[in-house]
Amino acid sequence: MVMIMNWSAWAIACALALWMGFDLVRTNRAFGEDYLLSSEEGEIVDSDTGETAARS
């Protein structure tokens, strides 16, 4: 029983690694590096401004 669980864990780990590698290649082909490194979702707020806005 332990051997089956061991092999199953390794199979799941390999499947996840392959999926992550496939997603990496697909994302790199779909988007440019300048887009992936940009912060288009919004400006980064410093901690003081964020704390003030959260308390209001």
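Residues are numbered from 1 along each chain as its sequence is written, and side-chain values use heavy atoms, with hydrogens and water left out. As the model is predicted, local features need a pLDDT of at least 70 and side-chain atom pairs count only at pLDDT 80 or more, whereas totals for chains, interfaces and linings use all residues.

I begin with the fold. The chain contains 3 helices and 0 strands, in the order α-α-α along the sequence. Helices (H or I, at least four residues) and strands (E, at least two) are DSSP runs, numbered from the N terminus.

Next, confidence. The average pLDDT, the predictor's confidence in each residue from 0 to 100, is 82 for the chain, and 68% of the residues score at least 70. Helix α1 has the highest mean, 96, and helix α3 (residues 47-55) the lowest, 60. Where pLDDT is low, the predicted coordinates should not be read in detail.

Of the 56 residues in the chain, 0% are buried; buried means under 20% relative accessible area, exposed over 50%, and partly exposed in between (1.4 Å probe, protein chains only). Carbon and sulfur atoms account for 65% of an accessible surface of about 5,600 Å². Ile12, Leu16, Trp19 and Phe22 form a nonpolar surface patch of about 480 Å². Such a patch joins nonpolar side chains (Val, Leu, Ile, Met, Phe, Trp, Tyr) within 5 Å, from residues with over 30% relative accessible area and no salt bridge. Within it, Ile12 lies in helix α1 and is exposed, at 54% relative accessibility.

Finally, the structure holds 1 salt bridge, that is, a side-chain nitrogen of Lys or Arg within 4 Å of a carboxyl oxygen of Asp or Glu. Arg26 and Asp23 form this contact, at 2.6 Å from N to O. The two residues are 3 apart in helix α1 (residues 2-30), so about one helical turn separates them. Arg26 is partly exposed at 49% relative accessible area, and Asp23 is partly exposed at 30%.

Methods. Patch = residues over 30% accessible without salt bridge, like charges linked within 9 Å, V, L, I, M, F, W, Y side chains within 5 Å. Areas by Shrake-Rupley, 256 points an atom, 1.4 Å probe, with all protein chains shown as cover.
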